[in-house]
Amino acid sequence: MDIHSSGKALGASIEGMDLAQPIPDSDFKQILRALGEHGVLCFPKQRLETEQFARFGRRFGELEINVANQFHEPGFPEVMVLSNMTENGKPIGLGDAGQGWHTDMSYSKEIALANVLYAIKVPARDGRPLGDTQFRNMHAAYEDLPDEIKRRLEGRTATHDFAKFWDMMRARPGSRRAALTAEQRAKKPPVSQPIFRTHPITGRTVLYCNPGYATRIDGMPEAESAELLEYLFKHQQQRKYFYAHAWAEGDVLMWDNIGTVHNAVADYLPDEPRYMRRVQVMATKDYARLAA
Ligand code: SIN
């Protein structure tokens with residue numbers, strides 16, 4: 001395989017791999033290391049059946065089944081459909097997934113290692129692809145934090161709540177999201193996460209606190225918590241941490257869900273179809289050992 005770094009804050013393209021084939025151990029190790037190093041990996045020009053796509057994701061850890069997910073590929077509850085397309089006037093996928101800066105699964109006690117998306121349909125206008133996915137590098141964001149902030153937050157946790165992002169999306173004009181049922185809320189109660197955590201592949205510290213789900217810093221007066229969260233969210237917005245992936249059909253994009261935050265850009269219209277398959281890989285393995 002050939003790994004080409006983007007030369008930017010994140011991102012690399014991996015050529016010469018057919019993800020429809022089982023991944024040998026040596027390639028698996030290289031991909032894992034590249035994920036730690038580059039954060040966002042693109043495997044272009046793939047042609048995958050749903051089962052092959054799911055198998056690729058499963059190689060890295062157990063796949064999540066989303067509690068609020070009515071949109072998945074038939075027979076594959078773990079393969080979610082992200083799409084603005086409709087059939088007989090009814091949506092066939094979650095249309096607004098990820099439209100706001102967040103880290104998937106930070107609201108869950110068991111966090112996710114990675115997200116993997118497979119682009120089936122990419123909207124385009126005037127020859128330019130739309131619906132980029134944007135990222136920010138949380139290894140670098142942690143490293144740059146002033147010592148005083150690192151000291152104040154060392155050993156602290158923040159509460160992350162699934163409902164925060166869901167309700168934010170629901171409040172947008174035209175949202176088709178239903179209110180979470182009591183049962184769905186009960187399945188995803190708020191959880192506490194360390195604000196600084198050791199990345200399981202790189203062994204380095206990352207800033208693990210995203211505006212999509214983090215609601216407050218635990219055990220701190222409300223005003224101080226709000227001030228520090230605002231500081232962290234602003235800090236991580238800096239341009240030097242930014243990377244955007246412009247999609248092409250056939251791309252499989254895998255990103256580190258511990259060392260990055262991401263945002264799906266909604267710059268396309270309802271009649272400009274976008275169709276992605278997604279799996280979320282839970283951090284269920286000993287990645288330090290596997291990458292060694
Ligand atoms: C996500 O947040 O997982 C979706 C990203 C995208 O659709 O670009």
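User: How far is the polar side-chain atom of threonine 133 from an oxygen atom of the ligand?
Analyst: In this predicted model, the distance is 2.5 Å.

User: What about histidine 102, how far is its polar side-chain atom from a ligand oxygen?
Analyst: That one is 3.2 Å for histidine 102. Arginine 274 also has a side-chain N or O atom facing a ligand oxygen, at 2.8 Å.

User: How much of the ligand's own surface does the protein bury?
Analyst: The protein buries 99% of the 260 Å² that the ligand exposes when taken alone.

User: How many residues surround the ligand, and which are closest?
Analyst: The ligand is surrounded by 13 residues. Asn115, Thr133, His262, Arg274 and Arg278 are the closest.

User: How does the shell divide into nonpolar, polar and charged?
Analyst: Five residues of the shell are nonpolar, five are polar and three are charged.

User: Which strands supply at least two residues of that shell each?
Analyst: Strand 8, residues 112–121, and strand 19 each do.

User: Take strand 19 then. Buried or exposed?
Analyst: Buried: five of the five residues in 260–264 are, so strand 19 is largely enclosed by the rest of the structure.

User: Which way do the residues of strand 19 point?
Analyst: Thr260, His262 and Ala264 point one way, while Val261 and Asn263 point the other way. Both sets are buried. His262 is also among the closest residues to the ligand.

User: What does strand 11 do with strand 19?
Analyst: Strand 11, residues 133–137, pairs with strand 19 in the antiparallel sense, over five bridges. Within strand 19, threonine 260 stands opposite asparagine 137.

User: And strand 8, how many of its residues are buried?
Analyst: Eight of ten, so strand 8 is largely enclosed by the rest of the structure.

User: What is the order of strands in the open sheet of eight?
Analyst: The order is 1-2-3-18-8-20-5-4, and the pairing is mixed.

User: Which strands are at the edges?
Analyst: Strand 1 (2–5) and strand 4 (72–73), each of which pairs on one side only. Strand 1 runs antiparallel to strand 2, residues 12–15, with four bridges joining them. In that region serine 5 stands opposite alanine 12 of strand 2.

User: Back to strand 8. How many bridges does it have with strand 20?
Analyst: Eight, with strand 8 and strand 20 (residues 275–282) paired in the antiparallel sense. Alanine 114 has valine 281 of strand 20 as its bridge partner.

User: And how many bridges join strand 8 to strand 18?
Analyst: Five, and strand 8 and strand 18 (residues 252–256) run antiparallel. The bridge partner of leucine 117 in strand 18 is leucine 253.

User: Changing topic. How many aromatic pairs does the structure hold?
Analyst: Eleven aromatic pairs. One of them is tyrosine 142 with phenylalanine 196, which is edge-to-face at 4.9 Å centre to centre and 70° between the planes.

User: Where in the chain do tyrosine 142 and phenylalanine 196 lie?
Analyst: Tyrosine 142 is in helix 3 (residues 138–144) and phenylalanine 196 in strand 14 (residues 196–198). They are 54 residues apart, and the pair links distant parts of the chain.

User: Is tyrosine 142 buried or exposed, and what about phenylalanine 196, buried or exposed?
Analyst: Tyrosine 142 is buried, at 14% relative accessible area. Phenylalanine 196 counts as buried too, at 11% relative accessibility.

User: What is the geometry of phenylalanine 165 and tyrosine 213?
Analyst: Phenylalanine 165 and tyrosine 213 form a tilted pair, 5.4 Å centre to centre with 45° between the planes. Phenylalanine 165 lies in helix 5 (residues 162–170) and tyrosine 213 in the loop between strand 15 (205–207) and strand 16 (214–217), so the pair ties together parts that are 48 residues apart in sequence. Phenylalanine 165 is buried, with a relative accessible area of 3%, and tyrosine 213 counts as buried at 4%.

User: Which residues form one aromatic cluster?
Analyst: Tyr107, Phe162, Phe165, Trp166 and Tyr213.

User: Last one: where is glutamate 230, and is glutamate 230 buried or exposed?
Analyst: Glutamate 230 is in helix 7, residues 222–236. Glutamate 230 counts as exposed, at 56% relative accessibility.

Note on methods. Residues are numbered from 1 along each chain as its sequence is written. This is a predicted model: local features need pLDDT of at least 70, side-chain atom pairs count only at pLDDT 80 or more; totals for chains, interfaces and linings use all residues. Side-chain values use heavy atoms; hydrogens and water are left out. Buried means under 20% relative accessible area, exposed over 50%, partly exposed in between (1.4 Å probe, protein chains only). Two strands pair if DSSP finds at least two bridges between them. A residue is near a molecule or strand if one of its heavy atoms lies within 4 Å of it. A polar contact is a pair of N or O atoms within 3.5 Å; within protein, one must be able to donate a hydrogen and the other to accept it, and residues adjacent in sequence count only if both atoms are side-chain atoms. Accessible areas come from the Shrake-Rupley method with a 1.4 Å probe; for residues, only the protein chains shown count as cover. Ala, Val, Leu, Ile, Met, Phe, Trp, Tyr, Cys and Pro count as nonpolar, Asp, Glu, Lys and Arg as charged, and the others, Gly among them, as polar. Rings of Phe, Tyr and Trp (its six-membered ring) pair if their centres lie within 6.5 Å; planes under 30 degrees apart count as stacked, over 60 as edge-to-face and the rest as tilted.
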